[in-house]
Amino acid sequence: MLSLPSTSSSISRKKYDVFLSFRGEDTRKNFTDHLYHALKRSGIIIFRDDPKLEAGEEIAPELFKAIQQSWCSVIVFSESYATSVWCLDELTEIVKQKNDKGYKVFPVFYDVDPSDLRKQKGKVEEAFAEHEKRYDEDKVQRWRYALTQVANIKGWHLNHRHETEFIGDIVKKITARLCETYPIAHDELVGISSRLKELYAKIDIGEDDGRVIGICEMCGIGKTTLARVAYTQMSSHFEGKSFLADVRDVSNKCGLVSLQKQLLSQILPDECFNFFNVYEGNVIINHRLSNKRVLIVLDDVDNLQHLKCLVGRRDWFGLGSRIIVTTRDEHLLRSYRVDDVYKPTTLNDNDALRLFNLKAFGCENVPKEDFIELVEHVVGYAGGLPLALEVLGSFLCDRDAIQWRSAIERLKRDSNKEILDRLQISFDGLEEREKNIFLDIACFFNGEEKDFVMKVLDGCEFFPDIGIDILIKNLY
């Protein structure tokens with residue numbers, strides 16, 4: 001049986017993003033409270049213990065459970081942290097989770113020296129001297145070990161900085177790390193994890209500056225799917241969000257004013273907007289959103305005017321905003337001066353095989369021996385293009401081997417109609433001169449020397465130097 005390397009299933013989302021560990025007497029009503037609310041405003045789900053729970057000496061069982069149900073812990077080390085048995089028990093459980101399950105730990109050193117914690121000197125030494133009088137040696141040693149382990153982790157140091165700025169840095173870094181870990185809800189989004197990681201590196205959600213990122217490649221590569229998954233995963237970290245699908249098509253049918261209203265209504269859902277031209281829309285978008293941190297996706301853009309009327313300049317939106325644009329036209333992105341462009345590649349052989357098998361058989365492996373060679377033919381024909389793999393897999397689903405062979409023979413002569421219809425969109429978007437160049441090359445010059453073809457096309461006054469560059473940027 002044809003099989004693939006095993007792949008781990010998506011990790012189910014934890015109940016909490018962050019477990020907050022701190023010494024209540026030191027920081028509950030000041031630093032930790034400010035940090036808690038800053039994390040919460042960024043859409044991060046936090047567990048912070050109820051002060052009533054601290055009435056007893058022993059750590060409450062629900063705190064152990066909360067640690068286990070969190071993706072990470074943020075530990076605020078303050079002056080008297082080590083004096084609290086409660087804090088040390090929390091710390092021991094956190095280190096256990098870190099060592100056993102790859103749990104993430106982020107220490108914050110709030111007016112304490114990490115070396116005092118590592119070497120357990122000064123007030124930390126005094127605290128442990130008291131603990132040794134009251135508790136058995138094994139318990140105290142576990143506390144010492146846990147404290148040393150976490151104090152050795154690179155963390156954040158207050159170092160006489162303004163607390164607001166310090167907290168802002170912590171929130172940015174945790175937000176950025178969390179975005180990379182959110183599970184993908186759909187098992188059939190094969191190969192998307194590595195693409196998301198590369199895209200997030202360009203989006204750089206942790207930075208305060210506004211950024212515009214383009215996703216650019218040929219039709220059928222998965223630009224829209226990638227943008228939508230990124231949008232879903234990141235949206236909770238912004239004050240407002242808007243996903244404008246099929247911008248090219250909607251603009252042609254309904255006009256740019258309708259898209260401007262849709263953008264505003266998605267970000268400000270409780271308001272009604274009445275304007276009748278793009279210039280009024282520009283003013284309103286700029287005025288109403290210039291202080292909001294927003295996430296906007298413009299899907300399938302093919303005209304610079306779309307960008308000018310929908311997202312204008314970077315100062316139309318608040319600090320930290322992110323705009324993602326999907327398009328087939330790289331030159332359009334360069335003209336708008338985007339900050340970076342991500343170009344997704346076709347699927348590798350293993351991922352292409354997985355995607356096709358899921359569509360054709362409903363599982364990752366080929367269930368019958370007599371289909372192995374047939375699958376290899378079809379996957380090779382698709383060339384790693386997600387659109388082709390999905391369309392062909394769905395078309396061949398529940399058909400027998402004889403029908404597969406017939407379909408393969410037909411594909412050698414005529415391409416699948418659904419694939420052609422989708423790719424026709426790229427062709428229809430060309431100017432008449434570029435269409436003629438494309439058809440001449442496809443019909444008469446396929447495989448010919450480039451210099452010869454350029455000379456002939458130039459003689460026909462097709463201006464091939466610019467025309468072929470447009471073809472490359474729009475079709476491939």
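How many disulfides does the structure hold?

1. The count of disulfides is 0. This is a predicted model, and the points below should be read as comments on that model. A disulfide is a covalent bond between the sulfur atoms of two cysteines. Cys272 has a relative accessibility of 67%, so it counts as exposed. Cys397, at a relative accessible area of 30%, is partly exposed.

2. Helix 13 covers residues 278–289, which makes 12 residues. From first C-alpha to last, helix 13 reaches 16 Å, close to the 16 Å expected at 1.5 Å a residue. At the start of the helix, a side-chain oxygen of Asn277 comes to within 3.0 Å of the backbone nitrogen of Tyr279.

3. Which residues of helix 13 are buried? They are Val278, Gly281, Asn282, Ile285 and Leu289. Viewed down the helix axis, these buried residues fall within an arc of 105°, so they line one face of helix 13. The buried residues pack against helix 12 (256–267) and helix 14 (304–310). On the other side of helix 13, the exposed residues are Tyr279, Val283 and His287.

4. Side chains of opposite charge can pair when their charged atoms come close. The structure holds 19 salt bridges. One network of salt bridges links Arg161, Glu165, Asp169 and Lys172. Glu165 is partly exposed at 44% relative accessibility, and Arg161 is partly exposed with a relative accessible area of 30%.

5. Arg313 and Asp315 form a salt bridge in which the closest N and O atoms are 3.2 Å apart. Asp315 has a relative accessible area of 45% and is partly exposed.

6. Which residue forms a salt bridge with Asp339? The partner is Arg314, and the closest N and O atoms of the pair are 3.1 Å apart. Asp339 lies in the loop between helix 15 (330–336) and strand 10 (340–342), while Arg314 lies in the loop between helix 14 and strand 9 (322–327), so the pair ties together parts that are 25 residues apart in sequence. Asp339 counts as partly exposed at 33% relative accessibility. Arg314, at 31%, also counts as partly exposed.

Technical notes. Residues are numbered from 1 along each chain as its sequence is written. This is a predicted model: local features need pLDDT of at least 70, side-chain atom pairs count only at pLDDT 80 or more; totals for chains, interfaces and linings use all residues. Side-chain values use heavy atoms; hydrogens and water are left out. Helices (H or I, at least four residues) and strands (E, at least two) are DSSP runs, numbered from the N terminus. The expected span of a helix is 1.5 Å times one less than its number of residues. Buried means under 20% relative accessible area, exposed over 50%, partly exposed in between (1.4 Å probe, protein chains only). The arc is that of the directions from the helix axis to the C-beta atoms. Contact means heavy atoms within 4.5 Å. A polar contact is a pair of N or O atoms within 3.5 Å; within protein, one must be able to donate a hydrogen and the other to accept it, and residues adjacent in sequence count only if both atoms are side-chain atoms. A disulfide is a pair of cysteine sulfur atoms within 2.5 Å. A salt bridge is a side-chain nitrogen of Lys or Arg within 4 Å of a carboxyl oxygen of Asp or Glu.
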